[in-house]
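Welcome! Here is a short tour for someone meeting this protein for the first time. Have a look at the structure, then read on.

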Amino acid sequence: MQASKPEHFNLNVKKALAQPDLKGIIRRTTDKADAKRAEAVVNFPEFEKARLQGQKIKDHTIKHMAHYLAEFEKNASAQGAIVHWASTGEEASRIVMDICKQHNAKKVTRSKSMLGEEIGLTHSLDNSDIERIETDLAEHIIQLAGDPPSHIVWPAMHRSREDVIKLFRQFHKDPTSSEEIIDLVDSARRDLRTKFLAADIGISGANFLLADSGSTCTVTNEGNAELTTTPPKVHIITAGIEKLVPSMAHAVPLLRLLTRSATGAEITQYITFHNGPKRINDADGPEECHIVLVDNGRTKMLADDMKEMLRCIRCGACMNHCVVYKHIGGHAYGSVYPGPMGSVLTPHLNSLEVANKQTHACTMNGRCEEVCPVNIPLPKLLRSLRAQSWEKKFEPLTNRLFVKIFAQLAKRPKLFQFTSSCSVLFMRVFSKNGWIRFLPLAAGWTKNRDLIAPNSQTFMQQYKKHQKPKSNRSA
Ligand code: SF4
């Protein structure tokens, strides 16, 4: 499957809606995730308090970002790690590829990292003579399928069990004939196990960067991150600068929010802290450890007054609760980050001009903000992006014209009421059995939706009719 582009959002949506099974597959997983998260919140009565604490920790760190970044670099270097800085995704990808070349790497294992996708590392590796081995189960599935990820926590959400069975039978050396999940997982384990040991370099992301120790923290459920980062001689960590927290005491409250919001679990199977390369008496671990700290539009978000978005801990709860995401899935967004958080992030990572349609797809029902574990006001940020898009004239001319006409009408109550009455009459001409299935001038809308036929009178006409004369009211 070819990666779709953010500028083709409308076309991507049409394609997604035309896939008969996609909506059902997406809903099955997101509805399950919603229910598990809700249960986890009920079983964690201090959740609201924890959210506020999480928000405060992130806001404090963002405010003192320069200080904590310098502290992290100093302490990570003292642990023996080599810290690199990348202002763009291309630069970050280039740094990683240069390290791979310096070590003459032929095989590279990777544990799931959305930042790796963001900086285009998967493409850079695929365009080189290095074999890229994805070790997270979902990433393994989409690598076999040739798909980009469609969710930040469950990248293979768009694939059904039947798809996975076919893929494993086609690509695994020793595939299982069973269709049970446990046997399919075993099949992937057998396929990956020897590859872990043969890798020259392991690449991982980080969920948190701890400034006071220079440690990085990864949170996983499969143990693949540990097998990716321990056996190879070189370990490369790529992380966005927003992953920073002052200390372990600050990482733990965020961790409690992250696991519950992402999967509904109290805790993940593995939480690993990396502290540079192995020491002399260590039995295992990499001989060299590189940390690539990536900006790629993040400091611009501070300048653009989008700093609340830097609180994001990538739990995916906002997309699981988004009515738009549930209908179209992740690929339609044309970005590594789909759903509500992606609609705010992508214009900064790419540009508002190419990614402004996503900001308009939001229904503003506010569910994303309600479930966000760090209280990110996603609808407010989306509205702000819409306003910027309007000011920069990125909206199609027809939309701009329509809004201008509406603004003129709204300023003239009599004319507004007259036009409303005419519109109601016009719409009723096309109604049948209480529904409008086709409406000229709005054919694009009615092509995919039926509208309820309007009442024969406008609101103002009914309001006047039901108003009692003044003399009666005082009686
Ligand atoms: S915006 Fe909030 S809910 Fe969405 S991924 Fe980020 S932290 Fe999670």
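## A first look

Helix 4 is followed by G80, a residue with a positive phi, near 100°. Please keep in mind that the model is a predicted one.

**Helix 4**

- Helix 4 covers residues 65-78, and at 1.5 Å a residue its 14 residues should span 20 Å. The C-alpha atoms at its ends are 20 Å apart, which agrees.
- Which residues of helix 4 are buried? They are M65, Y68, L69, F72, N75 and A76.

**The whole protein**

- There are 24 helices and 13 strands in the protein.
- Taken along the principal axes, the C-alpha atoms fill a box of roughly 95 × 55 × 45 Å.
- The protein has 475 residues, and 49% of them count as buried.
- Among contacts between residues at least 6 apart in sequence, 72% join residues at least 24 apart.

- An open sheet is formed by 6 strands in the order 1-10-7-4-2-3, with parallel pairing.
- Strand 1 (82-86) and strand 3 (131-134) are the edge strands, and each pairs on one side only.
- On average, neighbouring strands of this sheet are turned by 20° against each other, direction ignored.
- Strand 1 and strand 10 (residues 288-294) run parallel and are joined by 5 bridges. Opposite V83 stands I291 of strand 10.
- Strand 2 (residues 107-110) pairs with strand 3 in the parallel sense over 4 bridges. Here K107 has E131 of strand 3 as its bridge partner.
- Strand 2 also pairs with strand 4 (residues 201-204), in the parallel sense over 3 bridges. Which residue of strand 4 is the bridge partner of R110? That partner is I203.

- An open sheet of 3 strands has the order 11-12-13, and its pairing is antiparallel.
- Strand 11 (431-432) and strand 13 (451-452) stand at the edges with a single partner strand each, so one side of each has no neighbour in the sheet.
- Strand 12 (residues 435-436) and strand 13 run antiparallel and are joined by 2 bridges. W435 has I452 of strand 13 as its bridge partner.

**Nonpolar cores**

- The largest nonpolar core holds 55 residues, of which F208, M309, I328, M341, V344, I376 and L378 touch the most other members.
- Helix 12 (residues 248-263) gives the most to this core, with 6 residues.
- A second, separate core has 20 residues, among them L115, L125, V292 and V294.
- Leaving aside neighbours within four places in sequence, I328 is in contact with F9, V13, A16, L17, L22 and Y333.

**Residues in loops**

- M306 lies in the loop between helix 13 (298-303) and helix 14 (317-320). Is M306 buried or exposed? Its relative accessibility is 0%, so M306 counts as buried.
- Not counting residues up to four places away in sequence, M306 touches M301, V344, H348, L381, S384, L385 and Q388.
- M306 and A317 are 11 residues apart along the chain, and their C-alpha atoms are separated by 20 Å.
- R314 is also found in the loop between helix 13 and helix 14. R314 counts as buried because its relative accessibility is 13%, under the 20% cut-off.
- Most residues other than glycine have a negative phi. R314 is not a glycine, yet has a positive phi of about 55°.
- K393, also not a glycine, has a positive phi of about 60°. K393 lies in the loop between helix 19 (378-391) and helix 20 (397-410), and K393 is exposed, with a relative accessible area of 60%.

How values were computed:
Residues are numbered from 1 along each chain as its sequence is written. This is a predicted model: local features need pLDDT of at least 70, side-chain atom pairs count only at pLDDT 80 or more; totals for chains, interfaces and linings use all residues. Side-chain values use heavy atoms; hydrogens and water are left out. Two strands pair if DSSP finds at least two bridges between them. Axes are lines fitted to C-alpha atoms, for helices over the stretch in contact, and angles run from 0 to 180 degrees between N-to-C directions. The expected span of a helix is 1.5 Å times one less than its number of residues. Buried means under 20% relative accessible area, exposed over 50%, partly exposed in between (1.4 Å probe, protein chains only). A nonpolar core is a set of buried Ala, Val, Leu, Ile, Met, Phe, Trp, Tyr and Cys residues joined through side-chain atoms within 4.5 Å. Contact means heavy atoms within 4.5 Å.
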